[in-house]
Amino acid sequence: MFGRLSHLLLAALAFTSAVSANPSADEEVRAFFAREGASVRPLNLGRRSAASSQTRHLRPLYDEEPLVKKAKRDSITPPDVGQIANFDGQDPQPMRNGNGDTFLANSNHEIDAQNVDNVAAPPTDAGTVPNLKWSMSLSHTRLLKGGWVREQTITDLPPSKDLAAAEIRLSPNAYRELHWHRVAEWGYILNGTGRISAIDESGRSYISDIKGPSNGSDPDIYYFPPGVPHSIQALDQGLEILLIFTDGNFDASGTTFMLSDWLAHTPLEIVAQNLGVNTSVLSNIPQKDPYILESTVAPPPLGHAADQAVQDPNGNIPSPYVFHLDQQEKKTAPGGGGWVKIQDSVTNFPVSTQLASALVFVEPNGMRELHWHVNDEWLYVISGHGRATAFPGGSSARTFDFQPGDTAVFPISYGHYVKNLSPTEPLIFLELFKASKFVDFAATQWLALMPRQVVADLLQIPISVVETFSKDKQIIVS
């Protein structure tokens with residue numbers, strides 16, 4: 001009986017030793033196994049992975065080390081003056097100034113890191129402000145023979161009622177097929193080289209090469225008025241363009257008209273009669289518009305657009321559709337910190353009657369000053385990382401963070417700034433407006449030109465401080 005009891009006691013000892021990662025490491029248990037040999041099988045309950053078969057239990061497999069709750073760390077070093085939250089390279093957490101707490105469940109930390117002000121907003125953010133930002137990387141991309149296209153329309157960014165956008169890529173020598181729009185089209189050449197062609201309502205033709213940035217120079221932009229039929233072709237480098245259209249609901253029916261689509265839905269005998277040819281000649285008209293198509297013959301190279309031009313009895317369009325940004329002088333910001341190039345029909349781009357634009361260069365740590373516009377502003381980030389707070393009035397505000405390829409809209413009269421977050425890299429972006437002229441109002445200039453006592457009383461600052469405010473628009477401040 002004592003022998004059986006000793007067996008039971010030692011087995012119990014082996015069981016209680018299971019809290020160890022290796023129960024057989026205990027000396028008494030080792031001696032027991034040595035004495036009894038293979039007749040006794042040890043129990044190992046120390047870790048699930050040691051089981052002879054996979055468990056079907058629904059609980060997750062935790063790490064071997066005991067869970068230790070991480071100590072809270074605030075994202076702001078006092079005083080909190082609205083600076084962007086800093087998590088020292090760790091995943092952003094919804095914590096600021098002792099408020100909030102860490103994520104207990106999962107979060108998309110990559111998106112959180114690009115939108116820190118969504119996770120830990122400055123204390124000045126308040127109220128309910130709709131989302132004013134969209135990344136082109138979130139847009140669906142249509143893959144086509146000879147390129148691709150992706151859009152940002154009002155369904156992606158509902159506050160953007162005035163303007164819609166698209167990024168289009170054409171492979172070397174590929175075409176954007178012959179088409180026209182109900183609205184105006186504006187293009188910024190992101191990269192590569194190409195050629196545009198068009199006619200106006202008088203039958204006057206236009207053909208011109210277009211090119212992207214090269215060796216530090218700024219690219220070309222172009223503008224087609226509503227209804228002007230046109231085509232775009234890439235040259236041997238290929239072509240990528242940012243396209244802007246003067247209607248946020250750009251995908252609505254009756255906005256874009258493809259030539260092949262029109263002819264495919266018109267009786268063939270009518271098309272033949274109109275063109276003065278036999279119906280047999282037109283048997284291969286595409287029945288579904290290709291949108292982009294590959295060229296069967298390479299066009300003349302860059303600089304030889306005239307070689308493709310057709311002799312036009314009506315003459316050429318007198319006002320060019322292309323504007324060469326590299327030929328425009330930079331306007332150095334009086335506030336230091338960068339420069340700007342503005343284009344509109346009143347100043348320097350007569351044909352662009354429905355779109356005003358600005359190319360803005362903000363030096364490291366610089367800032368596009370506090371301002372507002374009399375039209376919706378549509379923004380596109382070309383390079384760099386930025387931050388902006390939108391103020392719609394009514395004690396509301398919301399801060400957004402920007403990376404290359406991001407778009408945003410600041411609705412009419414919304415106060416805002418755009419800050420370069422990098423201490424080493426410039427921030428370059430576009431401002432666009434559905435307008436014939438670029439117009440903005442600057443907060444500092446306004447305060448400087450008001451009666452000083454009024455400003456001093458409102459802001460509760462000395463008049464001597466008010467006297468330091470600049471009476472000129474700073475545009476960008478260092």
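Before clicking anything, one cut-off for the stops ahead: a residue is called buried under 20% relative accessible area, exposed over 50%, and partly exposed in between. Bear in mind, too, that this is a predicted model.

**Stop 1: a salt bridge across the chain**

Select Lys211 and Asp326. They form a salt bridge, with the closest N and O atoms 3.8 Å apart. Lys211 lies in strand β9 (residues 205-211) and Asp326 in the loop between β14 (322-324) and β15 (331-332), so the pair ties together parts that are 115 residues apart in sequence. Asp326 has a relative accessible area of 33%, so it counts as partly exposed. Lys211, at 27%, is partly exposed as well.

**Stop 2: Asp80 and Arg96**

Pick Asp80 and Arg96 next. The closest N and O atoms of this salt bridge are 2.9 Å apart. Asp80 sits in the loop between α2 (27-36) and β1 (95-96), while Arg96 is in strand β1, so the pair ties together parts 16 residues apart in sequence. Is Arg96 buried or exposed? With 7% relative accessibility, Arg96 counts as buried.

**Stop 3: Asp247 and Arg182**

Now jump to Asp247, which forms a salt bridge with Arg182; here the closest N and O atoms are 2.8 Å apart. This pair links distant parts of the chain, 65 residues apart: Asp247 is in the loop between β11 and β12 (256-258), and Arg182 is in the loop between β7 and β8. Asp247 counts as buried at 18% relative accessibility, whereas Arg182, at 41%, is partly exposed.

**Stop 4**

Colour strand β11, residues 230-245. Of its 16 residues, 13 are buried, so β11 is largely enclosed by the rest of the structure. Then bring in the strands that pair with it:

- β6 (residues 164-170) runs antiparallel to β11, joined by seven bridges. Glu167 has Leu242 as its bridge partner in β11.
- β7 (residues 175-181) is also antiparallel to β11, with three bridges. Look for Arg176, whose bridge partner in β11 is Ile232.
- β8 (residues 185-199) pairs with β11 in the antiparallel sense over 12 bridges. Find Gly192, which stands opposite Leu239 in β11.

As you look along a strand, remember that in a regular one the side chains alternate between the two faces of the sheet.

**Stop 5: the cores**

Which residues have the most contacts inside the largest nonpolar core? Select Trp186, Tyr188, Ile196, Tyr222, Leu242, Ile244 and Tyr321; the core itself has 52 residues. Its largest share, eight residues, comes from β11. There is also a second, separate core of 28 residues, which includes Val409, Val418, Leu427 and Ile476.

Zoom in on Ile244. Leaving aside neighbours within four places in sequence, its contacts include Leu163, Ala184, Trp186, Leu355, Trp378 and Leu432.

Finish by selecting Leu275, Val277 and Val281, which make a nonpolar surface patch of about 260 Å². Leu275 belongs to helix α6 (residues 268-275) and counts as partly exposed, at 49% relative accessibility.

Note on methods
Residues numbered from 1 in each chain as written. Predicted model: local features only at pLDDT ≥ 70, side-chain atom pairs only at ≥ 80, totals over all residues. Heavy atoms only, no water. Patch = residues over 30% accessible without salt bridge, like charges linked within 9 Å, V, L, I, M, F, W, Y side chains within 5 Å. Areas by Shrake-Rupley, 256 points an atom, 1.4 Å probe, with all protein chains shown as cover. Salt bridge = Lys/Arg side-chain N within 4 Å of Asp/Glu carboxyl O. Helix = DSSP H or I, 4+ residues; strand = E, 2+ residues; numbered from the N terminus. Buried < 20%, exposed > 50% of the residue type's maximum accessible area, 1.4 Å probe, protein only. Core = buried A, V, L, I, M, F, W, Y, C linked by side-chain atoms within 4.5 Å. Contact = heavy atoms within 4.5 Å. Pairing = 2+ DSSP bridges.
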